[in-house]
Amino acid sequence: MARFNYRLQTILNVKKQMEDKAKNELASNIQVLNKEQQKLQDIVHGRDSCYRRVVQESKEGLDVQRLIQYSRYLNAMNIQLNSQYESVNRASMNVDIHREKLVSVAKEKKMLETLKDKKMQEHKYNELKEEEKRVDEVVSYKYITGLA
């Protein structure tokens, strides 16, 4: 039986490597997104905690100087919060881009694998036909020469 040789095997190998690389990049970008989301949650928690302190202290009596400090701090927290929202959005967009890249490479690889499977089935079919042809020739030869 002849050995099956797929002409596009090197391209398929490259696509597999590209898929692995895309998976790694996607995983890395997901980690970055998770870190950015955690930072966002920490900022929101800090801001909410500050709001609760302001409410609590205002019930107990809050002087103007302390209220100004809290106001400045909360403004800074809101600016930081907006900046972090932008960071999360950028990280999310990077994840989406890398996910699309992975899907594209995976489709290309799958297409090549499907083609390889078809070619292999075709090869097996041709090999089977060749084997049947050889058996028929042997049987015909034996019949003609009277060896049967």
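Leu67 sits in helix α2, where helices (H or I, at least four residues) and strands (E, at least two) are DSSP runs numbered from the N terminus. With a relative accessibility of 43%, Leu67 counts as partly exposed; the scale used here calls a residue buried under 20% relative accessible area, exposed over 50% and partly exposed in between, with a 1.4 Å probe and protein chains only. From Leu67 to Glu19 the separation is 48 residues in sequence and 56 Å in space, C-alpha to C-alpha.

A word on the source: this is a predicted model, in which local features need pLDDT of at least 70 and side-chain atom pairs count only at pLDDT 80 or more, while totals for chains, interfaces and linings use all residues. Residues are numbered from 1 along each chain as its sequence is written, and side-chain values use heavy atoms, with hydrogens and water left out.

Now for the overall picture. The protein chain has 2 helices and 0 strands. Its radius of gyration, taken over C-alpha atoms, is 34 Å, well over the 15 Å that the globule rule gives for 148 residues, so the chain is more spread out than a compact globule. That rule is 2.2 Å times the number of residues to the power 0.38. Along the principal axes, the C-alpha atoms fill a box of roughly 120 × 25 × 15 Å. Buried residues make up 20% of the 148 in the chain. Among contacts (heavy atoms within 4.5 Å) with a separation of 6 or more, 84% come from residues 24 or more positions apart. The chain exposes about 11,500 Å², and carbon and sulfur atoms supply 53% of that; the areas come from the Shrake-Rupley method with a 1.4 Å probe, and for residues only the protein chains shown count as cover.

For the 52 residues of α1 that gives 76 Å, in agreement with end C-alpha atoms that are 76 Å apart. After α1 comes Gly61, with a positive phi near 105°.

Charged pairs come next. Side chains of opposite charge can pair when their charged atoms come close. Across the whole structure, 11 salt bridges turn up, each being a side-chain nitrogen of Lys or Arg within 4 Å of a carboxyl oxygen of Asp or Glu. One of them links Lys39 to Glu36, with the closest N and O atoms 3.7 Å apart. Both residues lie in α1 (residues 9–60), 3 residues apart, or about one turn of the helix. Lys39 is partly exposed at 43% relative accessibility, whereas Glu36 is buried at 16%. Another bridge joins Arg47 and Asp48, at 3.6 Å between the closest N and O atoms; Asp48 is partly exposed, at 29%.

In α2 (residues 64–145), Asp96 and Arg99 are 3 residues apart, about one helical turn, and form a salt bridge with closest N and O atoms 3.7 Å apart. Asp96 is partly exposed at 38%, and Arg99 is partly exposed at 38%. Elsewhere, salt bridges that share partners tie Glu19, Lys109 and Glu113 into one network.

Finally, the rings. The structure holds 1 aromatic pair, made by Phe4 and Tyr6, which are stacked at 6.5 Å centre to centre with 15° between the planes. Rings of Phe, Tyr and Trp (its six-membered ring) pair if their centres lie within 6.5 Å, and planes under 30 degrees apart count as stacked, over 60 as edge-to-face and the rest as tilted. Tyr6 is buried, with a relative accessible area of 7%.

Note on methods:
The expected span of a helix is 1.5 Å times one less than its number of residues.
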